[in-house]
Amino acid sequence: MEVNRRLFLTAGIITALIFTSIYSLNLILGDKREDAILNRMEEINEEFSEMQTITYLMRVYGENITCIALREQMSYLDEKIWKLGEKIDSYRKVTEEFSSDPFYINQKKRFNRQEVVYLTMMRDMKEKCGIDQLIVLYFYGKCDENGKCDEQSFVLTYINKKIDPEIALYSFDTDLDLPSIDILKTIYNITELPAIVVEDETYEGFHDRGKLEEILCSHQNLSICKPDKQVK
Amino acid sequence: MNIVYLSLVYTVWFMSTYFIILYLLIFIQKRSVFYKNIELKEGKPKITVILPAFNEEDTIKASIHSLLSMDYPQERLEIILVNDGSTDRTGEVMEEYRDVENITVVNNKVNQGKARCLNKGLELSRSRYIACMDSDSRIKPDAIEKSLGFFRDPDVGAVTIRIDVHEPRTLLEKIIGVEYAIGLSLTLKALSYINSIHVTPGPFSIYRSDVLREMGGFDEESITEDLEIAYRLQEHGYRIENCLSTRVYTTVPRDLKSLYNQRIRWYSGALQTVYKYKKLMFNRENGCFGMFFLPFNYGVILLGLILFLSSLYMTSSNIYTRVSYLGFIDYDLMSLINFEVIDPLAISILYLFAVSSIGASIVLTLVSFRVLHKNIKKNLTGLVGFILFFILYQVFWLGSFYSVLFNREIKWR
């Protein structure tokens with residue numbers, strides 16, 4: 001029995017060691033995920049600073065030259081921000097499988113704030129530099145049972161992939177309790193989720209591909225618009 | 001993610017990995033004595049082999065011949081052939097051997113079941129040892145000689161031997177060949193060192209006849225009498241040993257339907273037996289068998305099944321959700337094709353646990369092959385199939401739980 005006891009104990013120790021190794025590996029991966037998010041966030045911050053600098057230049061030297069630089073900067077940043085949003089969500093998902101991590105909540109808040117800043121810049125530039133991207137705002141959160149926020153995100157991701165350079169899509173998580181997002185909600189009179197705002201016009205509830213394309217095409221001629229649905 | 005689900009993953013992972021490590025440690029510690037043979041003090045004691053058969057006209061002859069070709073002196077070997085109401089030529093084949101001096105033929109007019117046949121043989125036998133053999137099996141000539149030595153220890157009530165599949169040809173036979181070599185041979189050998197053998201397999205096992213009589217023979221109500229008798233031996237404090245240096249060859253189901261029926265009988269029988277002997281669970285008097293094997297083994301099976309079902313539910317509901325979402329984009333599948341490189345940082349800890357479990361199972365299988373001197377290259381298809389077989393095990397267990405819980409009739413064949 002003594003031999004057996006030692007055998008059982010050894011097996012237990014080895015199993016615990018393997019478990020600890022996997023746990024530690026996951027912790028290392030967790031740190032790497034955080035680093036990756038922070039690095040991307042940092043890159044975007046750099047881009048923002050650059051854009052802000054260009055905006056100041058515009059005020060002093062006029063719009064002609066600065067608009068060209070700004071337009072390039074914005075389309076580059078647009079894609080980067082969208083990818084960062086996706087990364088935060090996917091990393092948050094795998095991290096939360098092990099433990100709930102406030103890091104991702106904070107980063108999500110930071111990301112949403114940046115989107116608000118980016119939106120205001122975009123609106124400003126659209127007018128001054130004649131940028132023809134269609135501005136689409138998407139408000140989501142924990143929808144009610146029939147709210148279909150996940151479904152709406154799926155359709156919007158699909159549309160965004162299809163006509164990425166033609167629209168500038170900003171998604172806002174209303175569950176983060178950010179005052180800036182609450183202000184936007186008030187401005188656009190949003191009472192129900194999911195909600196989409198296209199060029200200051202609010203559309204509440206779920207919209208599938210067909211309906212969404214119809215809404216977008218009623219505001220601007222896009223590559224996805226059928227000839228009979230185009231804005232005259 | 002649900003904390004209950006995660007706890008289930010960790011528990012099942014921990015328990016199954018613990019089992020694998022324990023087996024590997026036993027293999028390492030005992031590898032030098034795995035094939036050790038023991039001489040029996042009493043020379044060549046008399047032994048009776050009972051061979052019950054029901055509609056086995058194709059295989060019974062080979063089984064009898066393997067017994068008549070034993071190295072063991074035929075005058076010390078008694079063979080009792082029991083025709084259990086066969087409707088084919090099994091009875092006629094048995095009658096051909098009636099004149100052989102050491103063979104007795106018993107004819108049941110109607111089918112009475114294997115356990116009753118074995119008990120009938122036990123009644124007729126006057127030998128010190130009783131061997132039970134399946135009529136679709138054939139043993140190596142040295143099987144009795146090598147396994148009887150284990151009875152030198154007076155606490156040993158039964159001895160099992162290595163089981164191999166007879167000439168495996170189809171993929172299924174090859175997979176079952178690997179399963180038998182590991183599950184019914186090497187695992188039993190490892191379990192013998194912690195006195196936790198839980199089955200005396202039907203193809204060939206030897207018992208002390210006075211022990212069988214003392215315990216009242218085989219349970220005629222059980223659908224897995226070879227499992228039930230092992231639990232009873234454990235309950236009565238007898239050891240069960242395993243002899244790896246000899247073997248019995250047996251035939252196995254050739255198609256999935258027959259395999260399903262066989263496993264439903266085996267696993268349902270296991271559940272009924274565990275329920276019957278529930279008092280052994282966590283019983284210190286039954287040593288490792290009661291304190292470790294029963295709770296651990298059936299704990300892993302039950303929790304593993306729950307994990308399998310919940311994972312299946314989650315995966316299928318995920319797939320259903322994704323497919324239903326496609327309707328919102330008019331099933332534009334081309335747009336979903338993504339050529340982005342997989343991000344290693346997005347790998348979940350669940351995958352790490354899954355990969356480590358699969359890795360541990362592969363290591364155990366490879367080590368088992370080495371210990372059993374089996375050629376990996378020759379058995380590669382069976383080996384790969386065996387690793388993927390775990391999904392089928394869940395289906396068998398699920399069917400068995402259903403059968404037992406809802407009192408479904410389980411046929412012996």
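B:Asp142 is buried, its relative accessible area being 14%. That value falls under the 20% limit, so the residue belongs in the buried class. This is a predicted model. B:Asp142 pairs with B:Lys146 in a salt bridge, at 3.0 Å from N to O.

B:Lys146 is partly exposed, at 22% relative accessibility.

## B:Glu145 and B:Lys44

B:Glu145 forms a salt bridge with B:Lys44. Their closest N and O atoms lie 2.5 Å apart. The pair joins distant parts of chain B, 101 residues apart. B:Glu145 sits in helix H5, residues 143–148. B:Lys44 sits in the loop between helix H1 (3–30) and strand S1 (47–53).

Both ends are partly exposed: B:Glu145 has a relative accessible area of 33%, and B:Lys44 has a relative accessibility of 36%.

## A network in chain B

Salt bridges also link four residues of chain B into a network. Its members are B:Asp219, B:Glu228, B:Arg232 and B:Lys276. Over all chains, the structure holds 23 salt bridges.

## A:Lys126 and A:Glu199

In chain A, A:Lys126 forms a salt bridge with A:Glu199. The closest N and O atoms are 2.8 Å apart. This pair, too, links distant parts of its chain, 73 residues apart. A:Lys126 belongs to helix H3, residues 102–129. A:Glu199 lies in the loop between strand S3 (195–198) and strand S4 (201–204).

Which end is buried, and which is partly exposed? A:Lys126 is buried, with a relative accessible area of 17%. A:Glu199 is partly exposed, at 32%.

## A:Lys108 in helix H3

Helix H3 of chain A also holds A:Lys108. Here the relative accessibility is 3%, and A:Lys108 counts as buried.

What does A:Lys108 contact, leaving aside neighbours within four places in sequence? The list includes two aspartates, A:Asp89 and A:Asp173. A:Arg92 and A:Tyr140 are also in contact with A:Lys108. A:Ile88 and A:Leu176 complete the set.

Terms used: Residues are numbered from 1 along each chain as its sequence is written. Chains are lettered from A and ligands numbered from 1 in the order in which they are written. This is a predicted model: local features need pLDDT of at least 70, side-chain atom pairs count only at pLDDT 80 or more; totals for chains, interfaces and linings use all residues. Side-chain values use heavy atoms; hydrogens and water are left out. A salt bridge is a side-chain nitrogen of Lys or Arg within 4 Å of a carboxyl oxygen of Asp or Glu. Helices (H or I, at least four residues) and strands (E, at least two) are DSSP runs, numbered from the N terminus. Buried means under 20% relative accessible area, exposed over 50%, partly exposed in between (1.4 Å probe, protein chains only). Contact means heavy atoms within 4.5 Å.
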